[in-house]
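Me: Please take me through some of the labels used for this model, and the cut-offs behind them.

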Amino acid sequence: MSAGAVCGEDEVLNRLTVRNLAVVEKVEVAFDPALNVITGETGAGKSVLMGALELALGGRAEASVVRDGAKEAEVEADFGDLVIRRTVTREGRSRAWVNDESVSVAELKELGRTLVDIHGPTANQRLVEEAFQRELLDAQGKVGPLAEAYAVRWRDYSAVLAEIAAIQGLGDEDEADMLRFQVDELAGAALTEEDETVAERHARAAHAEEAVEDANALTEALGGDRGVSEILAALQPKFRAMARHLPAAEAWASEADEIAVRVQELSRSIADAASALDVGEEDFAALDARLTLVNRLKRKYRAESVARLLALRTEKKARLEAIENRDARLSELEAARAAAERELRAVGEKLTRARAAAGEKLAKAVTQELKDLGFRQAKFAVALEPQTPDAHGCDRVVFMFEPNPGEAARPLAAIASSGEIARVMLALKVVTTSPTSKRPNVQTPKPPNHTTPQTLVFDEIDANIGGEVGRVVGEKMRAVARAHQVIAITHLPQSAVYGARHFVVSKSVSGGRTRTSLSPVAGDARVSEIARMLGGEKLTSVVRKHAEELLQLSC
């Protein structure tokens, strides 16, 4: 499993299985592809389930999470095409697998960022990341074509800068003198591809006399007056005499004749090869000198072959020319750099204007959503901070939030309240999700992976609110769930009634051990849970009636 592997566009969290994690002995939950709500009494173990999901996505593993008496804790998250499994031992050792292939925690964390976006008290929130904010703005404002055009100009500009830096890093006149000598030496050697075999040819020439003697002996034995071919020829009358009484001898005679012909051909081949081995003293001296030269150059330039020596000659010549022409080339490149920078800034200014226009629209829409979510006088803004041009533009995109009148707007990254950030994210998701999008189990257009994992988790997004705002939060989450899977832990019945699937976390004590369980509820059981959330332990008929009305109104 490579670190770069990602799930398909329509993958959502289908199933989460937890074993021996804290107070959870075993819990297995199958999620709906739309809005899932999880409720339960305080301390029942909802945070343990969120911790299990974070662990599966590459979160920190500690030995203390292993249930007492168990050897290890295990979490498995099924995303359809991807199944993630992670274990933690009592000694604190952690292992992870994706589709049964072992991966590092770093790889798991990187993959997890593309799968699930968690917003809660302890989760890392992508909303505060600069890249997230920029890409979300560009996607929502349809700035993509301009951003692509800018990226092309940036690549051109960067290439010119890289060449300038390379030329400025070239050597001085001393290096040029050395290169001239080396180029002249290699060129003077007049090396060719034929020099690759000089050692082999030298070895043959050095043993030519001995080889010629052996060849002469072989040709004499094969084709001489008393050689094999003569012996076979002399046997032909014997074969013919035998054939009068033994018909098979005719075939033997033919075979012997064929052998005699092949022996003669072999003898001639050996003789021809031997004649080619005849090397004069002057030719051998030339081979010896050539071999000495090639070997010396190989040692000097640490080259394993003549081909490498030829390549070195080309490389050194090119570097020498670069040094000799440095000033002229730098002048050309400086002009190219200035032109590339002008083009880059021109496109960058257009990109800034497009982002500013998109930012105004996004800020207005998100501010309105925040009012619905209980931030009556809050303001959301998109600031563009000028900067030296980089790979993404001439400005930084910064999401700003002003929760109360009279307080200065601050970057989202500077806001301490995770609840505020979670509701800002919900508002953004409502704005950036098309109202005509279908449920996520049907193919729908998706924003880029970096900005929008398919599964969103809101952990107590409705903390410190209630009543009508809680109802609006539920409606907004259901709206987002038309294009994303949403998992929400909530304490508000007004929000919980909007879930497509409702789970209740409960805690029990059996045999002296505490166990947490998670069960789906529907029908009367769901009415009872909503009533419990409304009225606590004393479930009167009025409270139950109210619960039924909330569920009906949410349909």
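Labels and cut-offs

Reply: Thr-490 counts as buried, at 1% relative accessibility. The model is predicted, so local features need pLDDT of at least 70 and side-chain atom pairs pLDDT 80 or more, while totals for chains, interfaces and linings use all residues. Residues are numbered from 1 along each chain as its sequence is written, and side-chain values use heavy atoms, without hydrogens and water.

Me: Why is Thr-490 called buried?

Reply: Buried means under 20% relative accessible area, exposed over 50%, and partly exposed in between (1.4 Å probe, protein chains only). Thr-490 has 1%, so the label is buried.

Me: Why is Asp-195 called buried?

Reply: The relative accessible area of Asp-195 is 5%, which is under 20%, so Asp-195 is buried. A polar atom of the Asp-195 side chain also lies 3.0 Å from the backbone nitrogen of Thr-192.

Me: Why is Leu-246 called partly exposed?

Reply: Leu-246 has a relative accessible area of 37%, between 20% and 50%, so Leu-246 is partly exposed.

Conventions:
Polar contact = N/O pair within 3.5 Å; in protein donor to acceptor, adjacent residues only side chain to side chain.
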